[in-house]
Structures are given as structure tokens and as C-alpha cells.
Amino acid sequence: MPLACAQRHPPDGELNVMDSILGLDSAASLRVTGARPARGSLRVPGDKSISHRALLLSAIARGAGTITGLSLGQDVTHTRRAIERFGVSVADLGDGRLRVEGPIRHEPDDVLDHGNAGTGIRLTAGVCAGIDGLSVLTGDQYLRRRPMDRVAEPLRAMGATVDGREGGRLAPMVIRGGNLTGITYAPQQASAQVKSALLLAGLSARGTTTVEEIHPTRRHTEEMLQQFGGRVRVDGARVSVEPGELTATDIVVPGDPSQAAFWAVAALLADQGEVVVEGLYTGFGRSDFVQILERMGADISFDLTTGTLAVRSSRLRAVEITAEDVPGIVDEVPVLAMAAAVAEGTTVISGAAELRAKESDRIASTAAMLRAFGAQVTETEDGIVIEGGARLRPARVDSHGDHRIAMTAAVVGACAAEGDTVIEGWDSVATSYPGFARHLMELTGTTAEPAA
Ligand code: S3P
């Protein structure tokens, strides 16, 4: 069946201009009106994880390369500013392309402000550890509360001096780098950020750096190091890198599967929903939400050759999500939890304690959002139990500064709750998905406007 409102694909720059005129991206609170099905096809912004790495690897590498389709979210923009502080030249070529010329020339000439970006600060910490010089890294009020000891401890073991508030547990973080030695390290958390920080530091260490993960996580750093000529070996959950120079290359950033997950659930929440998202990343560890939704009975397909995701409104059933599943859906739990609220049966999510260390305590903020929409939930130490079959009502939802809570609430407000939903802390969405409110309006026909 052809889609009634197939979208054209305006370049992100055009979207941003329109949305900033309407004030939709910067609104402190947003009101959306539901409930209508989401219908149409679209492209989502460039993958955030790949965008951070494209900038950092291009900064480390010798020579000039281009990056096409970089995420325009604030998180990635902070990483761009950070590499400029190292003397790396970054030029806009127009048409969504950047030219980056490395390698890093000197220690950063000022404090590196990573805003809300956990990936930005932790990966950059790995780069700073490899540099003979002093770096100071900080972020916004939310980032400064998130744990940094998970990267500080192994970077110290490699020979960097790392200090910060509460014994290096929290940013601001001060790193004096250089003269590193490779280590073998088994992080306590399944974290691609920790793994990546160590691999980036390992590029300039003496000897091999090896990370042994408790569960394999997304492999962007490994894949991209290979693209830049790095010597990296992946053996299941064990990853090693050898020291060596990288060579600049051209990177094309595919669409972000984690952003597509919002539209997948949007399609499922109302009768007649049907959404196609094109051009997504298809590699390891990023599309596990598709399998979870399949387990819930969703009519969903993901073409691994084209990166096209297609989803149609379906009757959903409850699912059990355990520690094994969590690393593959670490960013999608809030929106999957909302799907569980309308599914038949009781969904149990466990083994997800890591979610408490995200942009917000995502177990608490997801549970609060579900309750606000009228679902029955029990918060556990490492997860949530969700009673399905809820009749969702419009709500006032606090994002707690967390873009993924805000976007989930907007989708539910537009597609599944009759009436006006207000999302407080809407401006957090600009960290990863400028133009989200416009896409929501285009797909659902909802009105979205700044609210008091
Ligand atoms: C990311 C890893 C994940 C994820 C984050 C992006 C990355 O964090 O939640 O959005 O790009 O490496 P953790 O490594 O803390 O699980």
C-alpha cells in the first residue's frame, strides 16, 4: 500500500532554519495534540555515535578527509568544537559535508565543554590521555553528575594522570596525558564508550591495548579504526588495538537507528500507522530493537542491504527483556517501554541498571513518564515491570533533561493519548535530533507548539 504522506527529504540545514524560526527546537516546553497515526517515510539525522567518532578519528589522523551527513545535534557540535581546540581545522563545504584536517597540533587551548554528551566527553578523554599535554573536560549540569571513573581508572592504569571532582568520579575532569602503556582491561559495565576511550588512548600507547567486554557492545570504533588504517582485532567480546598512526579518509554517516526507533513505535501506537525510515546504519549492535518489537508481534522489517526500516500498526504482546538484551537496546528502552504499556500482558525489563547512569536516571524517568500517561508500572533496582493494556491519557511529562524521554513522550502524546500533552525540558531534544518536532508534525499531522 503506498504511503499517503510520503515525505520529501529536505537537507537538515533547511529543517534547522525553519524550526528555529518556529522556536520548536529551543522551546523549554512543547505541547503536542493527539491522537493520530504516524504515516509516511523519512530520513533521520546522521548517526550520533558514528558522528562523534568520525570527528575524533579525523582529528587524530594525518591528512584531510571529508565527513558527509554528520549529526547536527548539539552533542556532536560540542565534539566538533573540541577538536578545533586541538588545532584541527574543520571547514563546512556545504551540502552537508565537512572537511577535517588533522592531526592534532597541540593540547587543547581551553576547557573542552561537551554539553550533555557522555559519548563526547568519554571518547575525548581517551584522546586526551594519548596527548602529551593538559586537557580539562566538562559538561552541563546533567553530564557533571554522570560517572567518569569508568574511564578515569583504566586511563590512569595506562599511565595518564586523571583528576576530577570526588576523586575523579565526576567532571570537570583534568587529564595530563602521554607516555601510555597498553593494558588488558575488563570494564564492569558493557559500555562502548569505555571500550572506545581505551582503544583511542591505545593508539599512542606502548604495546597492545585490549578490552574484554562482559557483553559485546556497538562496534563503531573498531569498524572506523579499520577505515582509518588502524590495527584493530575483534574476537567476540575481546577487542585489541596496536599503536600506530591513522590516515585520513572520507566518511559517510548513515542514519541513526536509535532515532528511527521513535518512528517505529509511533507507527505501532495507533491504528493505520505505517512508517518507513531509509538509509539507516545496519551494523552490529544498533538495531536489536527491531528484534524486540518482532518478539512483541510487530509487523516490522529491516532490510540489511539498504538500511530501510518499515513498520505497520500491529497488536502487540508483552516481552521479557533481560541483561543479555540490554546492551543492544540501551538507548531504546524508554520508547520500547511505551510500546509495552499498550501491549497485552506484563512486560518485565531487568538487568538494566546501567540506565540509571544515562542522560537521566532512565529507569526512574521512564517509570515516571509511563505513570503520567496512565500506565501501571513498578520500578525495580535494575528495571521496570509494565502492566500492558493501558488506555493512555494526555500528560505533563518532565524530560529530566533527557532527549530520549522527551522524544518518547512526544510520540505518545501525538499518537496514543487523546488531547494535549506537554513535555517539559523539550530543548534537550536539540542535543541529538534538531527537527524532531517538525518530523512529528509531518508524520502525524499533530500540532506542536511551544507551551507555557
Ligand atoms: C554510545 C554508547 C552507549 C549509548 C550512547 C552512545 C557510544 O553508552 O548509550 O548513547 O556511542 O559509544 P554506554 O557506553 O555508556 O553504554
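Ring pairs join Phe262, Trp263, Trp426, Tyr433 and Phe436 into a cluster. Here, rings of Phe, Tyr and Trp (its six-membered ring) count as a pair if their centres lie within 6.5 Å; planes under 30 degrees apart are called stacked, over 60 edge-to-face, and the rest tilted. The model is a predicted one, in which local features need pLDDT of at least 70 and side-chain atom pairs count only at pLDDT 80 or more, while totals for chains, interfaces and linings use all residues. Residues are numbered from 1 along each chain as its sequence is written, and side-chain values use heavy atoms, with hydrogens and water left out.

A pair of aromatic rings is described by the distance of the centres and the angle of the planes. The structure holds five aromatic pairs. In one of them, the rings of tryptophan 263 and tyrosine 433 are edge-to-face, because their planes stand at 90°, with centres 6.3 Å apart. This pair links distant parts of the chain: tryptophan 263 sits in helix H9 (residues 257-269), and tyrosine 433 in the loop between strand S23 (419-424) and helix H14 (436-444), 170 residues apart. Helices (H or I, at least four residues) and strands (E, at least two) are DSSP runs, numbered from the N terminus. Tyrosine 433 also forms an edge-to-face pair with phenylalanine 436, at 5.0 Å centre to centre and 85° between the planes. Both tyrosine 433 and phenylalanine 436 are buried, where buried means under 20% relative accessible area, exposed over 50%, and partly exposed in between (1.4 Å probe, protein chains only). Tryptophan 263 counts as buried too, because its relative accessibility is 0%.

Attention now turns to the helices. Nine of the ten residues of helix H11 (residues 333-342) are buried, among them Pro334 and Ala337. The cover over the buried residues of H11 includes H9, H12 and H13. Threonine 366 has its place in helix H12 (residues 362-372) and is buried because its relative accessibility is 0%. Leaving out residues up to four places away in sequence, threonine 366 touches Pro334, Ala337, Ile384 and Ile405; contact means heavy atoms within 4.5 Å. The side chain of threonine 366 also reaches the backbone oxygen of arginine 362 at 2.6 Å. In helix H13, 13 of the 13 residues are buried. At the start of H13, a side-chain oxygen of aspartate 402 comes to within 3.0 Å of the backbone nitrogen of arginine 404.

The ligand has its own surroundings, which include Ser49, Arg53, Thr119, Arg218 and Lys358; a residue is near a molecule if one of its heavy atoms lies within 4 Å of it. An oxygen atom of the ligand is 2.6 Å from an N or O atom in the side chain of serine 49. Backbone atoms take part as well: a backbone N or O atom of alanine 192 lies 3.0 Å from an oxygen atom of the ligand, and a polar backbone atom of glutamine 193 is 2.9 Å from a ligand oxygen. Taken alone, the ligand exposes 390 Å², of which the protein buries 96%; accessible areas come from the Shrake-Rupley method with a 1.4 Å probe, and for residues only the protein chains shown count as cover. Serine 49 itself lies in helix H2 (residues 48-60) and counts as buried because its relative accessibility is 8%.

Key: Polar contact = N/O pair within 3.5 Å; in protein donor to acceptor, adjacent residues only side chain to side chain.
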